[in-house]
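The sequence and structure come first.

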Amino acid sequence: MRFIFCFVIIYHKYGGDVLKFLVVTDLHYSDKPLGGNGRYHEMSLTKLREALQKYSDGCEFAVCLGDIADAADGYKPQAQGLKELSEVWHSFDIPFYAMIGNHDTAMSKPEFCRLTGMPHRYYSVETHDYLCLMLDTNMNSPDEPYPESEIKWAYCYMDYEQLDWAKEKISASDKPVVIFTHALLDFDVDEGERNDHVLVNADEVKQALLSSDKVEAVFSGHYHDGLNMKLGNIPYVVFNSMCNGPTNNFAVVEVENGTVSIKGYGTQKDITI
């Protein structure tokens with residue numbers, strides 16, 4: 001089956017040269033009971049509402065970096081979980097941008113996009129001062145971006161069609177660029193082997209971002225305990241999972257002139273890079 005999509009640039013005009021947004025990731029929303037992995041699945045709906053209600057003021061948008069709702073036999077259908085979450089984020093007067101995570105591939109990507117209001121599996125968001133690229137890192141082969149079932153999380157790729165698109169968007173932009181992914185581009189600069197949370201073809205993606213000299217920051221989810229580093233001259237932040245533990249884990253982020261400032265809540269630490 002061939003899919004044809006229209007790429008959409010979403011534009012919001014704001015004053016000032018600071019990009020400020022609220023970020024959540026890895027909600028894993030479901031009515032599954034608390035598991036041995038410490039995931040409080042059912043609480044993510046309430047946590048999301050609280051984060052938006054209390055901390056989105058002054059933000060240009062909110063974004064979820066994937067793994068939004070889980071699919072599990074005998075529990076709430078994934079589509080129902082997405083519907084309930086989308087009702088929450090649409091009840092606030094702030095743009096909310098969803099992204100695909102590896103668990104979200106339990107349904108087809110076109111259906112996931114329809115249910116979450118995403119224009120495509122990857123897309124761009126343009127603010128007054130920044131170009132934001134929301135990318136899809138959820139396939140087990142770069143030649144098969146539309147998997148037929150939930151992917152294996154430890155072997156994620158970015159497809160080359162999308163990477164070429166991202167290169168073109170970055171090259172054509174007269175604004176600094178901020179990148180959002182689910183899977184990581186790196187884990188620890190001192191590690192010799194690839195960590196399971198890192199894209200298999202991460203080196204190609206990193207080289208494209210570094211060589212552009214336009215990317216100001218990269219933000220990711222997937223690794224629930226969080227991480228921060230610099231890749232070359234690019235600040236790189238992985239956020240704590242919202243579903244981990246009873247605390248509400250999320251962040252408000254400001255990007256300005258190559259500096260990333262994170263105000264963390266719950267287990268998410270404050271970070272300045």
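Helix 4 (residues 160-172) and helix 5 (residues 202-212) pack with their axes 10 Å apart and at an angle of about 5°. Helix 4 and helix 5 are therefore roughly parallel to each other, a term for angles under 35 degrees, where over 145 is roughly antiparallel, 65 to 115 roughly perpendicular and the rest oblique. Helix 4 contributes Y160, L163, K167 and I170 to the contact, and helix 5 contributes E204, V205, A208, L209 and S212; contact means heavy atoms within 4.5 Å. By class, the residues in the contact of helix 4 with helix 5 are 6 nonpolar, 1 polar and 2 charged. Ala, Val, Leu, Ile, Met, Phe, Trp, Tyr, Cys and Pro count as nonpolar, Asp, Glu, Lys and Arg as charged, and the others, Gly among them, as polar.

The model is predicted, with local features requiring pLDDT of at least 70 and side-chain atom pairs counting only at pLDDT 80 or more, while totals for chains, interfaces and linings use all residues. Residues are numbered from 1 along each chain as its sequence is written, and side-chain values use heavy atoms, with hydrogens and water left out. Helices (H or I, at least four residues) and strands (E, at least two) are DSSP runs numbered from the N terminus. Axes are lines fitted to C-alpha atoms, for helices over the stretch in contact, and angles run from 0 to 180 degrees between N-to-C directions.

Another helix pair is formed by helix 1 (residues 44-55) and helix 2 (residues 78-89), whose axes lie 9 Å apart at an angle of about 15°. Helix 1 and helix 2 are therefore roughly parallel to each other as well. L45, L48, R49 and L52 of helix 1 meet E84, L85, V88 and W89 of helix 2. That contact of helix 1 with helix 2 comprises 6 nonpolar, no polar and 2 charged residues.

The sheet is open and has 6 strands in the order 4-3-2-11-12-13, with mixed pairing. Strand 4 (96-97) and strand 13 (271-272) are at the edges, each with a single partner strand, so one side of each has no neighbour in the sheet. Two strands pair if DSSP finds at least two bridges between them. Strand 11 (residues 250-256) pairs with strand 2 (residues 19-24) in the antiparallel sense over 5 bridges. Strand 11 also runs antiparallel to strand 12 (residues 259-265), to which 7 bridges join it. Strand 11 and strand 12 form a hairpin with 2 residues between them, and N257 in the turn has a positive phi of about 50°.

| Residue | Partner |
|---|---|
| L22 | V252 in strand 11 |
| L19 | V255 in strand 11 |

Most residues other than glycine have a negative phi. D26, in the loop between strand 2 and helix 1, has a positive phi of about 50° although it is not a glycine. D26 is buried, at 0% relative accessible area. H222 lies in the loop between strand 8 (215-220) and strand 9 (227-231), and its phi is positive at about 75°. H222 is buried at 5% relative accessibility.

G74, in the loop between strand 3 (61-64) and helix 2, is exposed with a relative accessible area of 81%. The C-alpha atoms of G74 and K32 are separated by 8.9 Å, the two residues being 42 residues apart along the chain.

Terms used: Buried < 20%, exposed > 50% of the residue type's maximum accessible area, 1.4 Å probe, protein only.
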